[in-house]
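Open the model in your viewer and keep the selection tool ready. We will go stop by stop.

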Amino acid sequence: MITPTSFEPVELLYSKEKVDRTEWRRNVLKSNPEINNLCERIYPINRAIQFGKQFHPGKAEVKQKLDKTAIIQLILQHLSTKGLKQTKLTLEKEARTTTPIVEGLNESRLVTYIRNALKDTDRIYDLSMEHTEYSKEERQSKIAEREELLFQMDLLEDEDEDDGVNIWDEPTENIITEKVHNTEYDQDDEVVKFASLNKLVEHLTHDSKHDLQFLKTFLMTYQSFCTPEKLMSKLQQRYNCPSGHDEMATRNIQIRVINVLKGWVDNYYSDFDDKLIQMLRTFIDQIQIKNPVPANAVNKSLTKMVEKLSPINDSKHIFNEKTPEPMVPKNIFSNNLSIYDIDEEEIARQLTLIEFEIYRNIKPPELLNQSWNKTKLKSRAPNVLKMIDRFNSVSMWVATMIIQTTKVKARARMMTRFIKIADHLKNLNNYNSLMAIIAGLNFSSVYRLKYTREELSAQTMRTYSDLEKIMNSEGSFKTYRTRLQNVPPMLPYLGVHLTDLTFIDENPNNFVTDVGGKQVSLINFTKRTLVFKIISLVQETQVVPYNLQPVHQIQEFLLNIRSDLKAHTLDQYQQELYRESLKREPKKAQRSDIL
């Protein structure tokens, strides 16, 4: 007898058997063409509707750019491709516009956009479906794939973090501080540990307390818990003190708000997009009457910021010392420039200039919330991702050049050349490129080349050993961190500091506490203080550039370093390199067997 308790959920029945179901849908549709026909007719539109309901696609600023004229021109071009002349002429007359002429385009752009949109929404809908036959790992894989697709389509929006509470209505208990003794000034300072956003902004613009260190930390890290637009809104709330508030306190708060705005604009101008600039201009106009002097100061800062953001602006650093002459090879204009044509020191110089240019463009928000590691946030860390990609490219280039050199003595010369380049990089304080070359030399495919290493001179081996000691991970890169005290210019090994930030990020973003019998989530500002210390190091080393002259042809050569192997990922690439390495020095081969 079958009882109700003998039935098991469908998920459990599926999960007990490892069955390949990848062809099920295809087989069903193949044997039932009427179902396939129905799916083709219904799915695209249905999924597009579902996609719109679930994801609310389209950023506000993008929608605003798609104005009435653009839409009408799309329709006119569609009518033109369909030969509907009379309808087109009528619409042109009513809209007072003309049909755009696009050479060599016979298909409707409107149809193309709709077709592509349906195809994209179809993929996203598929990745969003909760199929019972999927395992937990398969579901997570589908979600990750969907997030990556949404990221590529630029459809990931920041969540609205507005708690709806006006800054003047925030409970006084929503901040936790502690007294810390300041040895420099021999006094006890009040340090914020946890607080709500409103309380952080209140502390930032206190009428009597001026905490410069808090201001620096806040402005550098606020984007880990708040958007720039939200901060601007909160500062405006703070400025508009309620009626009846102490007149002197009101005056001090308003001046503090204006000073914070000025510091924000002066030091973090890259936070400001067109929308935020307009918000600030409107606010300046409002405060101009009561506080003309400080408002004008903010206005001047804003004007300078707009000039900095202008693509025409390209300020040059003026050096006190003469720039060293580059060591240009005789065949500099050759189409077949090779690594042996260029002096090792000049390669180190040009590698340094290339990577420092990327490094100096890294902005603090790129280093918050592990943006470089998360699909949703990768768009915030373009320069960090470029640095990572550049590091991998240099490492792979080193390994490839060595492995693809067929004869053992020539391979040893190639290895020696890279060790000399690495030594020059050390002298330039370029630890990022130095570590990239060491990483390439330590690829398993290169490290195993015993007979190649035996061909290296004693001096070369000593140099390599010294370089490895500098970049050794022992004691959390203790030796390397000691060298960070050197006088700039300097290009730190970014990987170490990204790892530091990753460890810090494992601490909770918020601290949940009981306030008046109610659970309240407060921002963990102690965590942001730790993040500030690491990002400050990056900022300090971005300021002083290298006094070196770029050589276009050498930089082009170094920017185009790519492997000839066909692998798509670093792991696949290393596997292919290892197979090539086995051809150069087979396992158990004798020295006499090696060319």
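**Stop one: a helix**

Select helix 11, residues 228-239. This helix has 12 residues and reaches 17 Å from its first C-alpha to its last, close to the 16 Å expected at 1.5 Å a residue. The expected span is 1.5 Å times one less than the number of residues. Helices (H or I, at least four residues) and strands (E, at least two) are DSSP runs, numbered from the N terminus.

A word on the source: this is a predicted model, where local features need pLDDT of at least 70, side-chain atom pairs count only at pLDDT 80 or more, and totals for chains, interfaces and linings use all residues. Residues are numbered from 1 along each chain as its sequence is written, and side-chain values use heavy atoms, with hydrogens and water left out.

Now colour the buried residues of helix 11, among them Leu231, Met232, Leu235 and Tyr239. Buried means under 20% relative accessible area (1.4 Å probe, protein chains only). Which helices do the buried residues pack against? Show helix 9 (197-204), helix 10 (212-221), helix 12 (247-267) and helix 13 (274-287). Contact means heavy atoms within 4.5 Å.

Find the open sheet of four strands, with order 1-2-4-3 and antiparallel pairing. Its edge strands are strand 1 (175-182) and strand 3 (510-515), and each pairs on one side only. Two strands pair if DSSP finds at least two bridges between them.

Zoom in on strand 1 and strand 2 (residues 187-195): eight bridges join them. Select Asn182, then its bridge partner in strand 2, Gln187.

Finally, show helix 9 again. Helix 9 packs on the sheet and touches strand 1, strand 2 and strand 4 (518-524).

Key. Buried means under 20% relative accessible area, exposed over 50%, partly exposed in between (1.4 Å probe, protein chains only). Axes are lines fitted to C-alpha atoms, for helices over the stretch in contact, and angles run from 0 to 180 degrees between N-to-C directions.
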